[in-house]
Amino acid sequence: MTVLKAPNTFADANAASAYIAECEDAFRRQVIELTDKLTALPELHLIGLSGPTCAGKTTAADIITKQLQSAGRRVHIISVDDFFREQPHSRRLMSDPDGADKLDFDSIDALDFELFSRTLDKLMKTGRAMMPRFNIGAGIREGFVELNAPGEEDVFLIEGIQVVYPEVSALLHEYDYRSVFIRPARALEVGGSLYEPNEIRLMRRLVRDYHFRASEAAFTFFAWESVRENEEKSIFPYADSCDEQLDSLMGYEVGMLRPHLETILSQLPLSSVYRPMADAILHDISTVQPLISDWLSDHALYREFVPMARFDHSNNTYERGNS
């Protein structure tokens, strides 16, 4: 695996801010170059964007959308999450061989695949379809909204981790279709520690869940096992089959995550079964220079994971953010 060696010390805030901007600009150029390739396909009306959790899909989708729009295309983002089955199916409990229950947020069974198939077929044939709207927090379908897109300039961007699932991918490939897969594709070396892509995504998710999903570290650790099992079963074996690849690794990210992780993981009880995992993360990040999130632009990829700075200098902690 390729390793990105990132700087760990900066002369001042301006130098740190400049490095963050450099990383973000490199990612943006990567997505723009990919989108230019897609724009050169005038008959293309269906694009899939997939990747594991906390890969940066939302930011990539935004950049792709704006680039396609600048080329005269009209983009409609369709989230596969809107095709979740209602409770209890979308939040069904699975039992491990040892009898322990865990939440299933990600399997193909969580999707109303028949509805997705019917809707996509109607959309591609007529340019019109009723699109479901799903409230993930409540676990219910809240209704349908009509999508009317009959023009040659219309493009449908299907976004979600499930896009790469074999069942979903086979359906999408019945049409003129291009697929994009995004993830942190390299390891990161900084502060004397090496962080594998899956470790980076776990740290991203701990911070994102805390600030934007009102979830404590214990729940994120609890869910992570089933998330990773599903990724190894249904996502990563098919990643390389996608037409295009995006790498969302940021050289600055461990420093950006450090202050948030120290706040979040310090709240985990000493008696928690996840305390050793938390302590291992805290130990590794302790040598990395912390960076503050107000050095991020409003459109930075890392706005998916960290809020605008709410740093309390009196005790060196971050307050919980708002989505």
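This is a predicted model: local features need pLDDT of at least 70, side-chain atom pairs count only at pLDDT 80 or more; totals for chains, interfaces and linings use all residues.
**Entry 1: salt bridges overall**

I searched the whole structure for salt bridges and got 19. I kept in mind that side chains of opposite charge can pair when their charged atoms come close. I then looked up a few pairs one by one.

**Entry 2: D240 and R183**

I looked up D240 and found its side chain in a salt bridge with that of R183, at 3.2 Å from N to O. D240 sits in the loop between α6 (217-239) and β12 (244-247), while R183 belongs to strand β9 (residues 177-183), so this pair ties together parts that are 57 residues apart in sequence.

**Entry 3: R208 and D209**

I went on to R208, whose side chain meets that of D209 in a salt bridge with an N to O distance of 2.7 Å. I checked the accessibility of both residues. The cut-off for buried is under 20%. R208 has a relative accessibility of 13% and therefore counts as buried. D209 has 3%, so D209 counts as buried too.

**Entry 4: R228 and E231**

Next I took R228, which forms a salt bridge with E231; their closest N and O atoms are 2.8 Å apart. Where do R228 and E231 lie? I found both in helix α6, three residues apart, which is about one turn of the helix. R228 counts as buried because its relative accessibility is 17%. E231 is at 1% and so counts as buried as well. I then noted that R228 and E231 belong to a network of salt bridges that also links R201 and E232.

**Entry 5: the sheet with β1**

I turned to the strands and looked up an open sheet. In what order do its three strands run? I read the order as β1-β10-β11, with mixed pairing. The edges are β1 (3-5) and β11 (193-195); each has a single partner strand, so one side of each is left without a neighbour in the sheet. From one strand to the next, the twist averages 25°.

**Entry 6: β1 against β10**

I looked at how β1 pairs with strand β10 (residues 187-190) and found the parallel sense, over three bridges. For K5, I looked up the bridge partner in β10, and this is E189.

Methods: Residues are numbered from 1 along each chain as its sequence is written. Side-chain values use heavy atoms; hydrogens and water are left out. A salt bridge is a side-chain nitrogen of Lys or Arg within 4 Å of a carboxyl oxygen of Asp or Glu. Helices (H or I, at least four residues) and strands (E, at least two) are DSSP runs, numbered from the N terminus. Buried means under 20% relative accessible area, exposed over 50%, partly exposed in between (1.4 Å probe, protein chains only). Two strands pair if DSSP finds at least two bridges between them. Axes are lines fitted to C-alpha atoms, for helices over the stretch in contact, and angles run from 0 to 180 degrees between N-to-C directions.
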